[in-house]
Amino acid sequence: MDLQALSVTLRLAAVTTVILLLLAIPLSFWIVSTRSRLRAPIEAITTLPILLPPTVLGFYLLVLLGPRTALGRVWIHLTGHPLAFTFSGLVIGSIIYSLPFAVQPLVAGFSAVDVALIEQARLLGASRWRLLRSVLLPLSARSIGAAALLCFTHTVGEFGVVLMVGGDIPGATRTLSIAIYDQVQDFAYAAANRTALLLVVIAVASLAALYAWRGAYPGAHHEK
Amino acid sequence: MRSDTPFLEAKLEHRRGSFILRAQFVLRSHWTVLFGASGAGKTTLLRIVAGLTQPATGSIRLGQNQLVDTTHKISLPPGQRRIGFVIQQAALFPHLTARENLGFGLHEWPRIARETRIEELLRLFDIEAMAGRKPRQLSGGERQRIALAQALAPRPDLLLLDEPFNALDAQSRVAIIEKLRSTAVPVLYVSHDIADAWQINADAIVLENGRIVSQGETRAVLAPQRDQILAQLGANAKA
Amino acid sequence: MFELRRIFSFAVLAACILTSHAQQTLHIAAAADLEPVFLPVIAQFTAQTGVCVEASYKSSATLAAAIINGAPFDLFLAADLSFPQRVVAAGLAEESAPIPYARGTLVLWTRNDSRYHQLSMDSLRDPALKSVAIANPEHAPYGRAAKAALEHLGLYDPVKSKLVIAENIAQTAQYAESGNAELGFISLTSALTPQLKSAGHYIEVPREAYPPILQGAIAIKNSQNARAAHQFLDFLASAPVVHQLEGGGLGPAR
């Protein structure tokens, strides 16, 4: 039972989800509240990772964050080594990979909030920050939950990006999905099945727990 | 009560599709009725005064504040206009209690002043008993009272009401209007109901197809409409 | 001369793709280390025999698993003997044992702008070395060879923590070429490509340090193109092709 790979996978998913929510909430707020002409292109860019094959995304990260680009060199100068083959590198890759899965539910949730409430908040003197904090966030709690859920499980299943950028380092970048892949490549099918089962059980258990926490749907029928 | 100096002067023009709103008016009375059929542009006019909609051209002054002046590119954000606005569907925050809703606009106030003001309004509108409840636990009438209290809490210079009493029966409506008229806040009150609009010591502005066709003291301005209704009632009585 | 050859290869490939009438197409599962050198070889084969060839370059492990699960290849050219042996064991090969068709060479490669101007095996002892890319030693033949070489030279323990593991030999070259790994154990065929030749330099890992990378081939049983598969194998063994492959870094199987 590859507990180390399990730990890497869960840590990666958790760290990515937290950072991604912190980034995606202000970004989504900007998207729903701005009149800027940049909105449409920026929304398109945030959706782009869905269209890019993960291995392609991973490859570009490898090159763009490597020592051959100015950006990569700055990183190496600051940290002493390139971004690839590190847990932080995977976090950055996962953030880009799962970005649309955070932004889309948040944008949908924010724009579902009654416009009248937003206008009333503005009339009563709420700043944009207070509008986000006291009105939008509380009223889109379910969408935030959905965004967190999607990011987490999407990252748990991540493979292509990790394969390209990870370097398969036990304890740092060897995730469960890579472990399964290695086992399959080694023709160790029994081990691969066990690891895959573990992955599925974790994913389903965490999803079920989160769906239970979100409570019944508004139209749910009560048996009496 | 009428003073000779208007506290609001407005001149504005707004286009949406083929509908054009062009209005020039002043407010001097503590109670002004904005009267007109549906689609005449009443809500649009209120929204422009409140700052929720931008006019194509216009200039609006409230007290000492220039709210809008398109020639000088001035447009004060809604939160800085010191205007309260209550709409038909009371816009109460569903996740906050009545008390918290009431206090929403008092965020900047010192705590004691804020709490005193909240208690004052709870008493005035007779909603103390429901202060701790959330909007979904309250009736339509109760929600409207809280919405009014919420809009009045920050002591605005003007209160805009867009037919907020449709859910109330006639008696409750009269009671609430009396209560509002007893506060010091001037009101611009949208109505298409002549009985509602027929107030003493009040002004009226009649809006028709985006144009103001008459403005002045209520009983003078709305007399034609009153006569029309009476004639209808009389005709019905005879039949 | 090289340019002409490339143009020729592309022309033949294009002709194969564009030909609409039903033509025999030989499907080859080819190890990743063959990709840099095989295009002209395939083009010549087609020009000579009229048989079009479609090659899929992946890690030998991936290809073996695909074939065992029914992927419609006619010929399997692996980077070692163990993977074709698996196909034999699964009863899917025509031969009873893989036929060695070439010998791979392991090299240590680094970028020209790296620290290691005078590259040698001792560069691996440098305490300041940050990362060394190798193909996965569990299932990639070149990775296996690299690990064996490191162990033989007593370098495995000092270098172990710096190893960065790639899925196949092509990805290993990618790690090294992008500079993300300072050194990389790659195939000679990769090192001799114009791209890597201009970007870096290499040394051959001493032959005695690792078991020879004997690359084996098998023809898949019950394929539609058995004859063409054997034609290709004969073609690969012919003197001019052997010579050409050697120039590209793939030695003759001895």
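In which loop of chain B does Arg82(B) lie? Arg82(B) sits in the loop between β6 (74–75) and β7 (83–86) of chain B, and the model in which it is placed is a predicted one.

**Contacts between chains**

- Two pairs of chains are in contact, and of these the pair formed by chains A and C shares the most contacts.
- Chain B and chain C, by contrast, do not touch, and their nearest C-alpha atoms are 51 Å apart.
- The contact between chain A and chain B draws twelve residues from chain A and 15 residues from chain B.
- On the side of chain A that touches chain B, the elements giving two or more residues are α6 (115–123) and α7 (128–139) of chain A, and α6(A) gives the most, with six residues.
- Sorted by class, that side of chain A holds eight nonpolar, two polar and two charged residues.

**Domains of chain C**

- Chain C is divided into domain 1, which takes in 2–103 and 212–247, and domain 2, which covers 105–209.
- The centres of domain 1 of chain C and domain 2 of chain C, taken over C-alpha atoms, are separated by 27 Å.
- Where these domains meet, twelve residues come from domain 1 of chain C and 14 residues from domain 2 of chain C.
- On the side of domain 1 of chain C that touches domain 2 of chain C, α2 (35–49) and α3 (60–68) of chain C each supply at least two residues, with the largest share, three residues, coming from α2(C).
- By class, this side of domain 1 of chain C has seven nonpolar, two polar and three charged residues.

**Positive phi in chain B**

- Most residues other than glycine have a negative phi.
- Arg82(B), in the loop between β6 and β7 of chain B, has a phi near 55 degrees, which is a positive value in a residue other than glycine.
- Arg82(B) counts as partly exposed because 17 C-beta neighbours lie inside 10 Å, whereas a buried residue would need 20 or more and an exposed one 12 or fewer.
- Asp126(B), found in the loop between α3 (111–124) and α4 (140–152) of chain B, has a phi near 65 degrees, again a positive value in a residue other than glycine.
- Asp126(B) is partly exposed, because 13 other C-beta atoms lie within 10 Å.

Conventions
Residues are numbered from 1 along each chain as its sequence is written. Chains are lettered from A and ligands numbered from 1 in the order in which they are written. This is a predicted model: local features need pLDDT of at least 70, side-chain atom pairs count only at pLDDT 80 or more; totals for chains, interfaces and linings use all residues. Two residues are in contact if their C-beta atoms, placed from the backbone, lie within 7 Å. Helices (H or I, at least four residues) and strands (E, at least two) are DSSP runs, numbered from the N terminus. Ala, Val, Leu, Ile, Met, Phe, Trp, Tyr, Cys and Pro count as nonpolar, Asp, Glu, Lys and Arg as charged, and the others, Gly among them, as polar. Domain bounds come from an automatic or database domain assignment.
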